[in-house]
Structures are given as C-alpha cells and as structure tokens.
Amino acid sequence: YFVRSKIDNDLNSMRRERKEFDEVAEMEMIRRDCISALRKARIPNTTAFLISSFQPDRYDFNRLKEALEGDLMNIKKRAFILALPIESVEIVRKKNEILKKDIWMLATLSGGAGAIPIPGFSLACDIGILIRAIIHFQECMGLDDASL
C-alpha cells in the first residue's frame, strides 16, 4: 500500500488557488500521480490511499482500514480490529463478534479449572478469569469506569 497523508491540506490549497474546483477529480489525479511515480520507481501493483489524520472519516481512511483488514491473517486481523478506535457502529459490531468468540474460550478455561479436585480452586480461578475478561472487554471497547 501507499498512503499519502495530509490530503486535506493539498485540497484546501487547490481550492484557494482555483475558481472552479472538483475535489473528487483532484483526488483522482493525485492518486494517479502517486501510482505513476511508484511504477516509475519499479513498485508495481500498488494501491494508493489519500488520508487526513485530522479528518479520518473523510477521504480514503475507511478504504485503507478495510484493505488492511481484508489482507491480514486471522490472528493479526483480530489484533488489528481490537486495536481500532471506536469511530463507527461497524467497528463496534466487529469488535463485538470477536469478543463473543473469546467467551467460549474463557468458558472452556473455567471448565478445565473446575476439573481440578482442590476445594475452592475452581471458584478462585473463575473469579480471576471473570475479572480479567471484564477488564479486557472494557479496554477493547474503549470504555472507562466513568462511562459504565
């Protein structure tokens, strides 16, 4: 991937310089120029993303996230999605799906601890598993104690 940042600054400069301005056409021209320069540098088959860190909901930032998510292996994809900031309902939904799968793993871990015949061991493990799971879910969903 090729990521060109600060596209908002470039577009604002162009907007001030020209009477007639088409943002979509200008972005496409910038994207083509980037890909052309990359091909001249012998970097083939590159996708260019035009982003702004000050306006992540605009331009190609969502396309970049989708492309990264689509190309990552399962473990890296899971880590990538859980690390994303909560910006949309779609991200919350994806995080929710991943965290639901974690519940089965935690239940299996609890069941395994319950099979050990030591009095109170199962309860102690369950409390530890539950507390750690709640903290993990809270961190992944970007929640603090005040918001709960």
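Trainee: How much space lies in the largest pocket?

Mentor: Rolling a probe the size of a water molecule over the atoms shows where empty space is left. Here the largest pocket holds about 230 Å³ of space. A pocket is an open set of points on a 1 Å grid over the protein atoms alone where a 1.4 Å probe fits, with protein on both sides within 12 Å along at least five of seven lines; lining residues have an atom within 4 Å of a point. The volume is the space filled by probe spheres set on points joined across faces, edges and corners. This is a predicted model, in which local features need pLDDT of at least 70 and side-chain atom pairs pLDDT 80 or more, while totals for chains, interfaces and linings use all residues. Residues are numbered from 1 along each chain as its sequence is written, and side-chain values use heavy atoms, without hydrogens or water.

Trainee: Which residues line the largest pocket?

Mentor: The lining includes Pro56, Asp57, Asn62, Lys65, Glu66, Leu84, Ser88 and Ile91. H3 and helix H5 (89-114) are the elements that give two or more residues to this lining. H3 gives the most, with four residues. Helices (H or I, at least four residues) and strands (E, at least two) are DSSP runs numbered from the N terminus.

Trainee: What lines the second largest pocket?

Mentor: Its lining includes Glu69, Asn74, Arg78, Ile81, Lys94 and Asp102. The elements giving two or more residues to this lining are helix H4 (74-83) and H5. H5 has the largest share, five residues, and the pocket's space is about 200 Å³.

Trainee: Is serine 52 buried or exposed?

Mentor: Serine 52 has a relative accessible area of 1%, so it counts as buried (under 20%; exposed is over 50%, partly exposed in between; 1.4 Å probe, protein chains only). Serine 52 sits in the loop between strand S2 (48-50) and helix H3 (61-71).

Trainee: What does serine 52 touch?

Mentor: Leaving out residues up to four places away in sequence, serine 52 touches Lys6, Ile7, Asp8 and Tyr59, where contact means heavy atoms within 4.5 Å. The side chains of serine 52 and aspartate 8 are joined by a polar contact of 3.0 Å. A polar contact is a pair of N or O atoms within 3.5 Å; within protein, one must be able to donate a hydrogen and the other to accept it, and residues adjacent in sequence count only through side-chain atoms on both sides. A polar atom of the serine 52 side chain also lies 3.3 Å from the backbone nitrogen of phenylalanine 54.

Trainee: Where do lysine 6 and tyrosine 59 lie?

Mentor: Lysine 6 is in the loop between strand S1 (2-4) and helix H1 (7-17), and tyrosine 59 is in the loop between S2 and H3. Lysine 6 is exposed, at 55% relative accessible area, whereas tyrosine 59 counts as buried at 18%. Neither is a glycine, yet lysine 6 has a positive phi of about 60° and tyrosine 59 one of about 65°.
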